[in-house]
Amino acid sequence: MLDDFLNQFLPSTVGGLVIGSIYALVALGYTMVYGVLRLINFAHSEIFMIGTFASLVTLLAIAPSAPLTGFALVGVLLLLMLVSAAVSGASAVVLETVAYRPLRKRGGTRLAALISAIGASLFLQELFALVVIKGLIDKPGRNQASAPRFVARDTLFTVGNVDVRLDQVIVVVAAVVVMVGLDQLVNKTRIGRGIRATAQDPEAAVLMGVSIDNIVRVTFLLGGAMAGVAGSLYIMEIENTSYLIGFVLGIKAFTAAVLGGIGNLRGALMGGIVLGLIENWGAIFLGSEWKDVIAFTVLVVVLMFRPTGILGESLQKARA
Amino acid sequence: MKGDEVTTEETPAKRGGFHAIGHGIDRLRDRWENAKIWQRYLVYIALVVGALILPAPAIGAFMSPAADWTTVLIYPIGTYILLAVGLNVVVGQAGLLDLGFVAFFAIGGYSVAYYGTHFGWNYWATVAFGIILAAVSGVILGAPTLRLRGDYLAIVTLGFGEIVRITANNTDEIGGARGITGIPHPPPVFGTKFLLDPAPYYYLIVAAIVLVIIFSVRLQKSRVGRAWAAIREDEDAAELMGVPTFKFKLLAFAIGAMIGGLAGGIYAGKAVFIEPNTFPFILSATILAAVVLGGSGNLPGVILGAFLIGWLPERFRDFADYRILIFGGVLVLMMALRPEGLLPSRRRKAELHEGTGGMGTLGAEVPGPDTDVSTTEAAK
């Protein structure tokens with residue numbers, strides 16, 4: 001058992017970092033919306049799902065015959081991320097307008113908002129099941145659509161007994177770069193100041209001339225775009241998707257957001273990576289079919305003992 | 001919280017036709033609340049008689065042209081009603097949002113299946129044991145998590161529901177992904193045999209529903225029910241008034257779980273076969289939707305909601321492909337237009353308009369010019 005663990009420790013660590021980066025990107029959407037609206041945007045997982053499909057369709061249109069290299073690779077990667085970020089961001093804004101704005105306007109309760117979110121989530125899942133995925137499935141009887149490989153699984157370097165591959169490095173680096181960008185945006189720009197002000201004290205923000213509606217829209221746009229980037233990285237790394245892909249990944253990303261302290265952007269990165277690592281290390285002992293149970297157990301345990309997360313809660317306190 | 005809410009009571013004329021219908025329903029509810037005891041008993045008797053003749057083929061021909069009506073009445077309709085009454089204890093009465101209610105349904109079902117097939121226990125013993133197991137797991141889930149805020153609780157219960165399903169899927173002892181087949185039917189009662197004919201199961205589930213409704217109504221009118229209402233409306237105030245909130249929340253979880261376990265036991269006795277995917281998250285969401293659409297906290301509303309959500313997809317099978325799509329859309333619309341549900345209780349409706357009883361209002365809400373400031377939280 002211990003031998004197994006030592007042998008698999010490094011490969012699991014690399015795997016955990018990769019999937020953890022994707023969790024972290026999706027977690028940002030949960031954390032930002034929660035910071036501003038105090039709402040668990042349950043349908044955010046579907047925004048991620050839409051991102052995977054946006055990348056998949058783009059990739060099928062490009063139809064690379066062999067793994068790409070050099071500038072072609074960078075270009076295609078950037079294109080996928082941009083397309084997915086745009087589509088997901090736009091979907092998130094539409095979601096906010098349709099499912100949450102009417103509730104906010106009439107002072108709806110958080111219970112109503114959560115149920116509206118579940119409704120929107122089911123709606124989007126089924127919409128993709130019925131309309132989109134039918135045209136993409138290669139074999140009948142399956143509900144998954146697979147993507148062509150466009151990043152070679154070449155070993156870049158070796159650490160101990162593990163070969164770190166190019167695609168894995170791309171996922172982690174891209175995720176970190178995008179997150180640093182978002183962090184700068186929230187901390188350094190006018191829009192970011194508006195987001196922080198709204199999270200901290202919406203009434204005072206309004207008095208200072210912040211347009212809450214615009215800020216909420218921008219928050220959904222940014223969170224959605226992050227989920228879109230996560231979706232394109234997911235398509236590159238996992239190479240298939242389905243309309244149900246969002247559900248479990250969404251709960252895990254939410255776990256990551258809670259783990260890092262909800263509302264805390266840097267916490268989301270840490271939470272995602274910690275969750276990815278725990279899940280993969282735990283799987284060495286229990287087997288990979290227990291991964292989801294491990295993640296959900298982490299969620300329950302964190303909420304029990306430290307509901308404000310490891311780095312402490314909230315956009316407002318951490319960066320006021 | 002900085003949340004504020006519009007609480008001005010609007011007249012039906014100011015709102016659209018949808019609201020006018022809603023207003024009519026509210027009037028009906030008020031008439032019921034003023035009805036005399038004997039009038040009410042007449043209605044109860046009419047309802048029970050109605051339930052007993054409901055499986056008649058003539059009714060079935062209209063209600064369910066495609067599938068066997070009695071079978072549809074057992075699952076989904078009857079089972080949904082039972083589950084919805086159980087979930088209503090947790091969501092409607094105590095105001096705790098539970099997104100993993102299907103876990104208790106699964107525990108009841110698996111208990112009947114496992115102890116019935118592996119150990120050959122009597123069916124009724126397995127149902128009773130399933131109810132106890134469900135209650136215990138309700139306490140195990142509730143004890144560590146019930147101190148959490150409302151929306152965190154929702155996610156934790158969701159995680160719990162998935163843990164139960166995946167664990168069933170990964171445990172070979174209880175059949176793993178293949179599930180359990182050959183679950184024994186209930187033994188004969190008063191000479192009525194439970195075999196392939198669905199009618200006896202229907203009467204069994206009607207009996208269970210009636211029992212659970214009586215139980216639930218008695219609870220609601222007792223000290224326990226009043227404590228739940230107090231917790232739902234303002235937990236801190238309830239605690240200050242001497243209500244042991246944690247204890248009562250745990251009790252709500254356990255009782256809700258017991259009803260879920262009972263539903264699972266009855267379902268398994270009819271179904272003969274269960275597998276982990278009999279208990280997906282979507283079922284939890286469906287039951288929650290039934291409770292909320294019908295009018296969370298008001299039993300007639302909850303039963304109506306569960307009936308509609310069980311029946312409509314069966315009646316309109318032509319739209320089978322679109323039913324979850326429509327369902328999701330209806331949820332969003334309903335929350336925007338009438339968040340209190342079709343048949344809310346007056347008290348519950350008032351709570352929702354005040355922003356209490358539903359985990360508080362959203363953030364980023366600022367009073368507008370026509371907000372009644374005296375009822376906003378900032379003024380309190």
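In chain A, 78% of the contacts with a separation of 6 or more are between residues 24 or more positions apart, a contact being a pair of residues whose C-beta atoms, placed from the backbone, lie within 7 Å. The model is predicted: local features need pLDDT of at least 70, side-chain atom pairs count only at pLDDT 80 or more, and totals for chains, interfaces and linings use all residues. Residues are numbered from 1 along each chain as its sequence is written, while chains are lettered from A and ligands numbered from 1 in the order in which they are written.

Chain A contains 12 helices and 4 strands, taken as DSSP runs numbered from the N terminus (helices H or I, at least four residues; strands E, at least two). Its C-alpha trace spans about 55 × 45 × 35 Å along the principal axes. Of the 320 residues, 54% count as buried, that is, with 20 or more other C-beta atoms within 10 Å of their own, C-beta atoms being placed from the backbone.

Two helix pairs of chain A are described here. The axes of H6(A) (residues 190–200) and H8(A) come within 10 Å and cross at roughly 105°, with axes fitted to C-alpha atoms over the stretch in contact and angles running from 0 to 180 degrees between N-to-C directions. H6(A) and H8(A) are therefore roughly perpendicular (65 to 115 degrees). A:Ile191, A:Gly194, A:Ile195 and A:Thr198 of H6(A) contact A:Ile212, A:Ile215, A:Val218 and A:Thr219 of H8(A). These residues comprise 5 nonpolar, 3 polar and no charged (nonpolar: Ala, Val, Leu, Ile, Met, Phe, Trp, Tyr, Cys and Pro; charged: Asp, Glu, Lys and Arg; polar: the others, Gly among them).

Residues of H10(A), including A:Leu275, A:Ile278 and A:Leu286, meet A:Lys291, A:Ile294, A:Ala295 and A:Val298 of H11(A). The contact divides into 7 nonpolar, 1 polar and 2 charged residues.

The contact between chains A and B takes 50 residues from chain A and 46 from chain B. H4(A) gives the largest share of the chain A side, 15 residues. By class, that side has 34 nonpolar, 7 polar and 9 charged residues.

Notes
Contact = placed C-beta atoms within 7 Å. Parallel < 35°, antiparallel > 145°, perpendicular 65-115°, else oblique. Buried ≥ 20, exposed ≤ 12 C-beta atoms within 10 Å, placed from the backbone.
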